[in-house]
Amino acid sequence: MCPDGRGTRRVLTGWGRTAPTGADVVVPLGADEVATHLEGAATARGTVARGLGRSYGDAAQNAGGTVLDMTSLRGIQHADLDRGRIEVDAGVSLGDIMRWTVPRGWFPTVTPGTRFVTVGGAIAADIHGKNHHIDGTFTASVDTMTLHTPQGDFDLTPDDELFWATAGGMGLTGVVTRATVELTPVDTAYMRVDTERAGDLDDLMARMSDRDDDYRYSVAWIDCLATGKQLGRGVLTRGDHATIGDLPTTLEADPLSYEPTQPLAAPPWAPDGLLNRLTVRAFNELWFRKAPQRRTSGIQSIPTFFHPLDAVKGWNRMYGSSGFLQYQFVVPLGHESALQGIIERLADAQVASFLAVLKRFGPSNQAPLSFPIEGWTLALDLPVHRQSHILTGLLASFDRVVAEAGGRVYLAKDARLDPELLPVMYPDLDRWRQIRDRVDPDHTLTSDLDRRLDLTGRNT
Amino acid sequence: MRDALGRIRTVLVLGGDSDIGVATARRLITDRGADTVILAGRDQERLRVRQDELKRVGAQTVDTVHFDALDPPQQHRSTIDEIWADRGDIDVTLLAFGTLGDQLRDEQDAQRAVEVINTNFTGAVSVSIPVAQRLRTQGHGVLVVLSTIAAVQARRTNFIYGASKAGLDAFARGLGDALHGTGAHVQVVRPGFVHTQMTEGMDEAPFSVTSDDVAQAILDGLDRDVIHVPAPVGAIAAVLRNLPRPLVRRLPR
């Protein structure tokens, strides 16, 4: 921490590089400094923790206030590999964990599409992976966590309601400094993956509904520019951890070798509009054609299957100076027509989403602000242009469809939701606020996301 | 707080009866979702007319506040403090007040010339400093400073006004540099000839624009340091600036 404890003013954005704001960044040297900071931090503009900045929107920014850079707390404290448990500081990334556990035959039970997320951030957003339908969210694989709040420190377990308020609580219940994470045993560092094409949305969803449960991991990519009979065509990839018997002989010698690399880096600047309708259409066509028409099995590495974009350092810069946003929503089972309607309107508007990912979620957990509910989730990466009013109107209309279907958007990715829809999409918001207010009655914990959506209810 | 698609909430117009200021506030309401506007100006009756106008286009709250550019700095500071205390963070602050003066009369009357300078330059500096401090503290927000193309190249017909705006223009650019890296931002706007109450009755110059054209350009260029409206006048001013003086004197108007 800087001598005066006030940190260094830095301009921060989320991964989408939109809406920059300035905050005083403090680098705590340990959990003690986090505690000291929170107890004395009742400044007008508050505090929030930040990990590796992979939230797409403004969850880990705090205009004019303090941001705690938690990546300084990155020790692996204790591992019990008989029980498959690892106790780590909150600034440890899932990549750090994997580098240590995979060669020893263990894999984090839940990993999102990037290994560059911290454990603290994974809890705060209650992230999910391709195995949500089997294993639930990240916090479902957390045994214990240490939470620092303005009202003192808590060692929490899943029996505590504050544990679940912190899961998906977007860092607004306190600062997690340590957690014990459950690991899954693996025989190899490889995945056995089935890949298949689906000609349209109905076909794709039918395939997912029928056979997702046969696989631990499942996700589909959708071509959002395809229209008419091909509307919602996509490529479905599903898999499981490979056994040694699955591996080709060349890999058998060192089955647990895990050496992720970043062979590519995005240039520091990319021309605005590089990812436009034409380039995305070309990419989509290629990607669809590359996938086999009939189901085929193959062996993929962990980075290829789980974290393909991590191979390109700073890939978010490819969207140019005005950045991009990710729109991810979920609608409950039985509301497939809402999903269909959104994909249709997206195709009609010819709004190019470079990546559109469809996944069927399993049941929700008890965390009041956790995003996943049983149903269908679609994530869209959308470039932001100067004239963004088309996107503004389109997404606002999607919000209404999602809310009416009893669904919600993902706060870890949000950068533009209408605040009035927040309590509709998250009906347990009041319960969360009550639990939260007990540990932060003076609203010391805040963020730009909180200011924009009034999550903590300071203004209500 | 601005969102990823440029939606904002709160706008402060210093010079709340300015045509460009109000046109920009109107655009921020209709195109960017602004719901709260504070109109700060001298003539409360005229501000109330503007207040109605902005409410009609969809603003939920429009405050009117007394503000006079010729008030002393302490007065400016307490006005700014009150506005921030009442309304919290301000996303866009428009420094839109100014007077054209009467060149031929003012160059014969030092008192009047000084009043133009005191309004356009001294008053603007005096109120910009507390605004900038607030923006630095809140870590976000834009201060839009209405300069003019005459700040780049003042002419025989407007050099007192041009000089006052040249001072303001230089000050605002420097202030933007000072705020760089804090999350706050300064946008300097240099319009050519704009049809407003200020220019009423004057001969129209080439490339003339309306207040709404300026408003649109401000919204489109909110992240930029300096904008010219319309864009070509920037190039023209750059040429004029480098012409030898005798030639400039011979140009029409």
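Predicted model: local features only at pLDDT ≥ 70, side-chain atom pairs only at ≥ 80, totals over all residues.
Me: Why is A:Asp126 called buried?

Reply: The label buried is given under 20% relative accessible area, and A:Asp126 has a relative accessible area of 0%, therefore it counts as buried. This residue lies in the loop between helix 3 (119-124) and helix 4 (132-135) of chain A, and its phi is positive, about 40°, although it is not a glycine.

Me: Why does A:Asp203 count as partly exposed?

Reply: Its relative accessibility is 25%, and since buried requires a value under 20% and exposed a value over 50%, A:Asp203 counts as partly exposed. The residue belongs to helix 6 of chain A, and, leaving aside neighbours within four places in sequence, it is in contact with A:Arg197 and A:Ala198. A:Gly232 is 29 residues away from A:Asp203 in sequence, with 9.0 Å between their C-alpha atoms.

Me: Why is B:Arg56 called exposed?

Reply: Exposed means over 50%, and B:Arg56, at 68% relative accessibility, therefore counts as exposed. B:Arg56 lies in helix 2 (residues 44-56) of chain B; its C-alpha atom is separated by 28 Å from that of B:Pro230, 174 residues apart along the chain.

Me: What is the peptide bond from B:Val229 to B:Pro230, cis or trans?

Reply: The bond is cis, with omega near -10°, and B:Pro230 lies in the loop between strand 9 (226-229) and helix 8 (232-241) of chain B.

Me: How do you know what span is expected of helix 10 of chain A?

Reply: The expected span is 1.5 Å times one less than the number of residues; for helix 10 (residues 336-349), which has 14 residues, the expected value is 20 Å, and the helix reaches 20 Å from its first C-alpha to its last. Just after this helix, A:Gln350 takes a positive phi of about 50°.

Me: Which residues of helix 10 of chain A are buried, and what covers them?

Reply: The buried residues are A:Ala338, A:Leu339, A:Ile342, A:Ile343, A:Leu346 and A:Ala347. An α-helix has 3.6 residues a turn, so residues three or four places apart point the same way. The cover over the buried residues of helix 10 of chain A includes helix 6 (201-211), strand 17 (324-332) and helix 11 (389-404) of chain A.

Me: How do the axes of helix 3 and helix 5 of chain B lie, and what kind of crossing do they make?

Reply: The axes of helix 3 (residues 73-87) and helix 5 (residues 110-138) of chain B come within 9 Å and cross at roughly 35°, and the crossing is right-handed. Among the residues of helix 3 of chain B in this contact are B:Ile80 and B:Trp84, while those of helix 5 of chain B include B:Val127 and B:Leu135. By class, the residues of this contact between helix 3 and helix 5 of chain B are seven nonpolar, five polar and three charged.

Notes
Residues numbered from 1 in each chain as written. Chains lettered and ligands numbered in written order. Heavy atoms only, no water. Helix = DSSP H or I, 4+ residues; strand = E, 2+ residues; numbered from the N terminus. Buried < 20%, exposed > 50% of the residue type's maximum accessible area, 1.4 Å probe, protein only. Contact = heavy atoms within 4.5 Å. Axes fitted to C-alpha atoms, helices over the stretch in contact; angles between N-to-C directions. Left-handed = near helix turned anticlockwise from the far one by under 90°. Nonpolar A, V, L, I, M, F, W, Y, C, P; charged D, E, K, R; others polar.
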